[in-house]
Amino acid sequence: MRNERRRFTLLALVLALATLLAACGGQPSTQPPAGGGGTGGGTGGETPSGGPPIKIGAIFDLTGATADVGTPYSKGQIAFIEWKNANGGVAGRQLQLVSQDYAYEVPRAEELYTQFVTQDGVVVFSGWGTGDTEALKGKITEDKIPFISASYSAALANPAETPYNFLVAPTYSDQLIIAMKWALDDWKAKGKSGLPKFAYLINDSPFGRSPLADGTAFARANGVEMPLEVPSPRGATDLTPQLTQIRDYGANYVFMQNVSSPAALALKNAKSLGLDIQFVCLNWCANELLIKLAGADAEGVVGAVPFSPEGEGAQVALNFAKEKGIDYGGADSTFVQGWTAMSILVAGIERTLKDGKELTGENIKNTFETMGPIDTGGVTPPVIFSTTDHAGAKALRMFRVENGKWVAITDFISAR
Amino acid sequence: MQSGTFHTSYAGDMALRPYWVQRLRIALVLVVVLAFPWFADRYWLNLANTIALAAIGAIGLNILVGYTGQISIGHGGFLAVGAYTAGLLAVRLDMPMWITVPVASCVTALVGAFFGLPSVRLKGLYLAIATLAAQEIIIWLLTHGKLLGIGESLTLPRAANNLFGISLADLGNNDFVFYWITVGCLILTVIFVSNLFRSRTGRAFVAIRDQDIAAQVIGVDLFRYKLLAFATSSFFAGLAGALTAHYRGIISWERFTIDTSILYLAMIIIGGLGSVSGSIYGAAFMTLLPALLSNLARATSDVVPNINSYLPYIQQGAFGLAIILFLIFEPEGIVKMWRNVKDYFRLWPFSY
């Protein structure tokens, strides 16, 4: 026993040393692409013609609480970089994505962000969750790193406070207000009298609660009773108690600020309870994954979809995925969303280089603020940033699930 | 015990580190600690700060679990109390860091003592569940924080980061400046806790751990000392939490969930229960493991294609594997492994 133990001790010591050595060996900043992502990491491998590769940092959630939509989003981002490089890169230079999974954990996000910015020297960054984007906002401002996150929290849209955060979709607050506008119209169109009652079924996180204050203010201003707030616990396997609470409150419309899997669970539970309630999904559950998971129970659900999987821009992305055999689990709109967010980030870099300016965070930020509308090929309305407003998109269309597909039911609506 | 050392005075007998080898080692460690920030870049400074903060928290938990034998899975909640107390003081009352941090630590000590009350009646698993309740109650209060007027997250004003009127922002970059603060606090914590277990109070804690009924029979006031253990432990949790709040500049409850409590338990189990240096080893191990794995994957991604797509699973697996391997081969933790290595060389070439 003693011998065995000593051998293990020595073995562990050697292993620790080896790990340490390897880690130190990995420090020089000329690293191979870290964003292989399962599709043959050819990113940035070719010899660049117009200078060194441009480094873009990204953190993805592939194993954490929001991995269901995080995975197709990450595939979209990686695919865009590959596509761009295959088409000659940016001004003759290749793009290199430095990315890693952070499991939706704030400390991990801080660590990876610091590593990518200080050691790899990335010039722009693509983030993911609300909690971690807000945790990083101070550092982002200090480091002057233009940052496009998949979180559209309204708290990040004011350049006076967060000058380097850019939002490429309507803020969660706007999404909720647009959804409420639709709900009020729908109530009237159905010829019902009085006002409907609203409830929220949300992810139990800063992401879930982000739009509630603004949404409630809008509802109250329109005379609607104080909406009921019901958080759905992380990792729940049954939402019947939450739905019963909503039923007892008498809600007519339930707004879901959540990712697809828990939202699909809610729809299934609601079906078995026989609830006659209109469910409305905001961005992160209004996608094909919801239909895949909830099946027929998703029929009739309405969604605020800021990134339409139709339009020519989306076709380029989807065709590229088909050609390369990229498997994103059928979540077309989420894949297109990742692709589009990255394309906007790269558009800023491309324009900065075209204007003959040096590629610094400050220059890219100024370019974003002055370059005018960025065309996304019909995926979103043209995205415009200004020095006073970093919420690039203001309008979206409402969709409904009909025969297992999202179908647009309104034109572009904006919150104000 | 080393032979050939004879204590000729009471002071020599009482010394915390009686042997010159130990003193030399402390001197060497201090030199490395003092030299490190001048050579490290921000990434490594960030990691070092994370380790130092985790180590303060882990030492706190070790006082309770390792030395006093009271299981707690509410440590994340106590960290949150420290962080939010410091945060609220800084935001609402514009207090500087040198006031908020001690106040937050004391408040956390009181809250910890309050949630330690069940320990008087409960032991083992039952106490674990009671502390789990503490964790959940604290996080519930924060997520439904309308009572306290807290939003989803709390941003601390930069101006709060000052020591006795000197603004930290003027002294250099955030990671560099906080290195001195976190490491300074860690050193003070280590000195305090190492000495605590040479005192009457510390001995009472250990007596309670080894056999509480016997301790009571020889005159240890169980009620008082159990609460004191909870308070001391929570004091350091509060210290770690408050420093985290000031260092990160923004806090949200997501940082202090049950997962955090379990991570801290894992740290002290892997590092070594009932050992101050073990807590530091454990904190370093748990912080560096994912970082080293991801660096390793990056370094080898030339040789092993697609390693990055497996990395998340490797990281998750490594965490569990590390705990299981330690429990099987070295339940006494890293601190015991270090001792084995020392013994091996000291006894070489004779293995006994």
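Residues are numbered from 1 along each chain as its sequence is written, while chains are lettered from A and ligands numbered from 1 in the order in which they are written.

Helices here are DSSP runs of H or I with at least four residues, strands are runs of E with at least two, and both are numbered from the N terminus. Nonpolar covers Ala, Val, Leu, Ile, Met, Phe, Trp, Tyr, Cys and Pro; charged covers Asp, Glu, Lys and Arg; the others, Gly among them, are polar.

For the bounds, I have domain 1 of chain A at 54-170 + 310-385 and domain 2 at 172-305 + 398-414, from an automatic or database domain assignment. Their centres, taken over C-alpha atoms, are 27 Å apart.

**Sheet, chain A**

I traced an open sheet of five strands in chain A, in the order 2-1-3-4-5 with parallel pairing; strands pair if DSSP finds at least two bridges between them. Strand 2 (95-101) and strand 5 (165-166) of chain A are at the edges with a single partner strand each, so one side of each has no neighbour in the sheet. Seven bridges link strand 1 (residues 54-60) of chain A to strand 2 in the parallel sense, and A:Phe60 stands opposite A:Asp101 of strand 2. Helix 2 of chain A packs on this sheet and touches strand 1, strand 2 and strand 3 (124-126), its direction making about 165° with that of strand 2. Angles run from 0 to 180 degrees between N-to-C directions, and axes are lines fitted to C-alpha atoms, for helices over the stretch in contact.

**Hairpin, chain A**

I checked strand 11 (residues 395-402) and strand 12 (residues 405-408) of chain A: they run antiparallel and are joined by four bridges. A:Glu402 stands opposite A:Lys405 in strand 12. Two residues lie between the strands of this hairpin, where A:Asn403 takes a positive phi near 50°.

**Helix pairs**

I put helix 11 (residues 312-324) of chain A against helix 12 of chain A and read an angle of about 105°, with the axes 10 Å apart. That makes the two helices of chain A roughly perpendicular (65 to 115 degrees; under 35 is roughly parallel, over 145 roughly antiparallel, the rest oblique). The helix 11 side includes A:Ala314 and A:Leu318, and the helix 12 side includes A:Phe335 and A:Trp339. By class, I have seven nonpolar, two polar and one charged residues in this contact.

In chain B, helix 7 (residues 174-196) and helix 10 (residues 222-248) pack at about 175°, axes 11 Å apart. They are therefore roughly antiparallel. Among the residues that meet are B:Phe178 and B:Ile181 of helix 7 and B:Phe236 and B:Leu239 of helix 10. This contact has seven nonpolar, two polar and no charged residues.

**Confidence**

I read a mean pLDDT of 84 for chain A, with 88% of the residues scoring at least 70; pLDDT is the predictor's confidence in each residue, from 0 to 100. Residues 19-48 of chain A have pLDDT below 50, and this stretch makes 72 contacts in the model beyond near neighbours in sequence. Where pLDDT is low, the predicted coordinates should not be read in detail. Chain B averages 87. For the complex, the predictor gives an ipTM of 0.82 and a pTM of 0.83.

Note on methods
Predicted model: local features only at pLDDT ≥ 70, side-chain atom pairs only at ≥ 80, totals over all residues. Contact = placed C-beta atoms within 7 Å.
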